[in-house]
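Reader: I would like to learn how to read the features of a protein model. Please take me through them one at a time.

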Amino acid sequence: CCKERRLYYGEDGQCYLPLQQGPCEQGEWIIMDKGGSGLGICRKTPCESNIEFLKDGQCIFGVDLTKRELLCEGNMRPWYSVYGEWECKTRYLSLPFGSISDKTTQDPVWQDCRSS
């Protein structure tokens with residue numbers, strides 16, 4: 001799975017893209033378990049959409065140019081890691097229309113990924 005930048009989900013033996021619903025229940029997404037193991041775990045999503053970012057109790061669309069400054073300053077953009085956590089980075093990662101950006105696959109965690 002790691003070679004394909006996907007997470008191994010032990011309950012069904014399949015590989016899934018991170019930050020998608022995958023095998024998880026409604027309102028959850030599959031993220032990487034901490035430690036770079038490449039194992040996927042289901043966790044509740046912070047907001048209804050995977051292009052929203054939770055800040056100060058409010059879900060803000062990362063693609064909303066009128067509100068993006070509430071998330072990040074200047075040329076910084078909200079960026080989700082494979083752990084489902086976000087921070088402001090100079091490169092842009094969002095999940096428009098449920099598709100993962102190629103930048104997700106550049107997360108350095110994949111270098112240490114150990115699942116099959």
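Predicted model: local features only at pLDDT ≥ 70, side-chain atom pairs only at ≥ 80, totals over all residues.

Reader: How many disulfides does the structure hold?

Author: A disulfide is a pair of cysteine sulfur atoms within 2.5 Å. The structure holds 4 disulfides. Take cysteine 1 and cysteine 15, with an S to S distance of 1.7 Å. The torsion about their S-S bond is about -60°, so this disulfide is left-handed.

Reader: Which parts does the pair of cysteine 1 and cysteine 15 tie together?

Author: Strands and helices are DSSP runs, numbered from the N terminus (strands: E, at least two residues; helices: H or I, at least four). Cysteine 1 lies in the segment before strand 1 (7–9), and cysteine 15 lies in strand 2 (residues 14–16). The pair therefore ties together parts that are 14 residues apart in sequence.

Reader: What is the torsion about the S-S bond of cysteine 24 and cysteine 42?

Author: It is about -85°, so this disulfide is left-handed. The link joins distant parts of the chain, 18 residues apart: cysteine 24 is in the loop between strand 2 and strand 3 (28–32), and cysteine 42 is in strand 4 (residues 40–44). The sulfur atoms of cysteine 24 and cysteine 42 are 2.1 Å apart. Both cysteine 24 and cysteine 42 are buried.

Reader: Where do cysteine 72 and cysteine 88 lie?

Author: These two form a disulfide, with sulfur atoms 2.1 Å apart. Cysteine 72 is in the loop between strand 6 (58–61) and strand 7 (77–80), while cysteine 88 is in strand 8 (residues 86–89), 16 residues apart. Cysteine 72 is buried, at a relative accessible area of 3%. Cysteine 88 is partly exposed, at 27%.

Reader: In which sense do strand 7 and strand 8 pair?

Author: Two strands pair if DSSP finds at least two bridges between them. Strand 7 and strand 8 pair in the antiparallel sense, over 4 bridges. Proline 78 stands opposite cysteine 88 in strand 8. The two strands form a hairpin with 5 residues between them, and glycine 84 in the turn has a positive phi of about 80°.

Reader: Which residues have the most contacts inside the largest nonpolar core?

Author: The general idea comes first. In soluble globular proteins, nonpolar side chains tend to be buried together. A nonpolar core is a set of buried Ala, Val, Leu, Ile, Met, Phe, Trp, Tyr and Cys residues joined through side-chain atoms within 4.5 Å. The largest has 13 residues, and those with the most contacts inside it are Ile30, Met32, Val82, Val109 and Trp110. Strand 1 and strand 3 are the elements that give two or more residues to this core. Another core, of 9 residues, lies apart from it, with Trp29, Ile31, Ile60 and Tyr80 among them.

Key. Residues numbered from 1 in each chain as written. Heavy atoms only, no water. Buried < 20%, exposed > 50% of the residue type's maximum accessible area, 1.4 Å probe, protein only.
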